[in-house]
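Please keep the structure open while you read, and look for each residue as it is named.

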Amino acid sequence: ATTAAAPTQGSPTAEGAAPAPPVEEHRLGVTQRAPATRGCQSPTHRDPALGTLQATLHSGDLFGEVACLFVEPRCATVRSVGNCDLWKLDKAVLSEVLLADVLTFVQAKEITNQRRAQWIPKLPAKVLLQCPLLMKRYGDKLRKMLPTVQGMLSPKVLAQSDVLAEAGEACRGIYFIARGELECGSTTLGPGQSLGSDLVEARSAFPESLRARVMCELWFLSSASLQQLKERFPPHPTGPASSSSATGGASS
């Protein structure tokens with residue numbers, strides 16, 4: 001849900017005049033029993049019947065667009081905290097409008113991807129320490145480099161069935177899976193695994209398409225970032241290049 005600032009509660013109408021009565025506030029409370037999975041603020045209230053209050057929406061706010069575009073269930077319950085007037089854009093109508101123009105649909109999904117990416121959990125250090133290419137280049141030095149590497153990661157989100165890369169497409173970096181699963185032919189990769197190490201080093205293309213089996217959250221380390229790391233931290237002398245697999249050097 002997108003949360004805006006609360007409306008002004010009233011202000012003087014003229015110098016010396018009494019303040020105008022407060023405008024009635026139309027609010028929605030967003031509560032959740034399970035741990036927050038996306039877009040929720042720090043808990044501010046607990047109610048055994050409703051769960052934890054994650055956010056309060058005010059006039060001008062909206063919610064539900066992420067669940068619609070990612071074809072996923074809502075992660076929280078939304079309740080009225082008083083009289084509340086709403087406008088509803090039906091999911092079927094939204095899909096019809098977006099699908100009528102492929103470019104508009106792609107742009108809307110990309111914008112939603114960027115918003116959704118704000119809520120991806122931080123990548124555990126152990127995942128980076130198991131990355132084949134980084135370990136090959138830096139060995140024991142990698143642990144001291146972690147803050148720099150983590151600062152170069154960019155988030156990416158795929159909806160169910162979205163394609164990460166087509167067969168024959170050049171590999172432009174290393175992908176680390178934070179949540180969800182990716183399918184590559186008969187192989188399925190899950191949280192904590194990475195892919196692309198061998199391919200990006202050999203400047204090769206993906207031999208098979210990569211598709212999200214379910215909604216998938218990833219961290220991406222680009223070829224440009226890898227080059228910056230090489231310039232800042234000279235790697236160990238490299239041995240013979242390892243053979244590329246369908247997943248381009250996936251690690252677990």
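**Notes on the predicted model**

1. Among the contacts in the chain that have a separation of 6 or more, 75% are between residues 24 or more positions apart. Please bear in mind throughout that this is a predicted model. The chain has 252 residues, of which 37% count as buried, and its secondary structure comes to 8 helices and 12 strands. Its accessible surface is about 14500 Å², and carbon and sulfur atoms make up 54% of that area.

2. Helix α3 runs over residues 102-117, and its 16 residues reach 22 Å from the first C-alpha to the last, which is close to the 22 Å expected at 1.5 Å a residue.

3. Which residues of α3 are buried? They are Ala-108, Lys-109, Thr-112, Asn-113, Arg-116 and Ala-117. Seen down the axis of α3, these buried residues fall within an arc of 165°, and therefore they line one face of the helix. The buried residues of α3 pack against α1 (65-69), α2 (91-99), β5 and β12, whereas the face turned away from the buried side carries the exposed residues Leu-103 and Ile-111.

4. Asp-162 deserves a careful look, and you will find it in the loop between β5 and β6 (163-165). With a relative accessible area of 17%, Asp-162 is classed as buried because that value is under the 20% cut-off. The side chain of Asp-162 reaches the backbone nitrogen of Ala-159 at 2.9 Å. Leaving aside neighbours within four places in sequence, Asp-162 is in contact with Lys-109, Leu-210, Arg-211 and Ala-212, and Lys-109 is one of the buried residues of α3.

5. In helix α6 (residues 142-152), the buried residues are Leu-142, Met-145, Leu-146, Thr-148, Val-149 and Met-152. The elements that cover them include α4 (125-129), α5 (132-138), β5 (154-158), β12 (216-222) and α8 (223-232).

6. The largest nonpolar core holds 43 residues, and the members that touch the most others are Leu-134, Phe-176 and Leu-182. When residues up to four places away in sequence are not counted, Phe-176 touches a list of residues including Leu-123, Val-127, Leu-153, Trp-219 and Leu-221, and also Gln-193, Ser-194 and Glu-217. As background, nonpolar side chains tend to be buried together in soluble globular proteins.

Notes. Residues are numbered from 1 along each chain as its sequence is written. This is a predicted model: local features need pLDDT of at least 70, side-chain atom pairs count only at pLDDT 80 or more; totals for chains, interfaces and linings use all residues. Side-chain values use heavy atoms; hydrogens and water are left out. Buried means under 20% relative accessible area, exposed over 50%, partly exposed in between (1.4 Å probe, protein chains only). Helices (H or I, at least four residues) and strands (E, at least two) are DSSP runs, numbered from the N terminus. Contact means heavy atoms within 4.5 Å. A polar contact is a pair of N or O atoms within 3.5 Å; within protein, one must be able to donate a hydrogen and the other to accept it, and residues adjacent in sequence count only if both atoms are side-chain atoms. A nonpolar core is a set of buried Ala, Val, Leu, Ile, Met, Phe, Trp, Tyr and Cys residues joined through side-chain atoms within 4.5 Å. The expected span of a helix is 1.5 Å times one less than its number of residues. The arc is that of the directions from the helix axis to the C-beta atoms. Accessible areas come from the Shrake-Rupley method with a 1.4 Å probe; for residues, only the protein chains shown count as cover.
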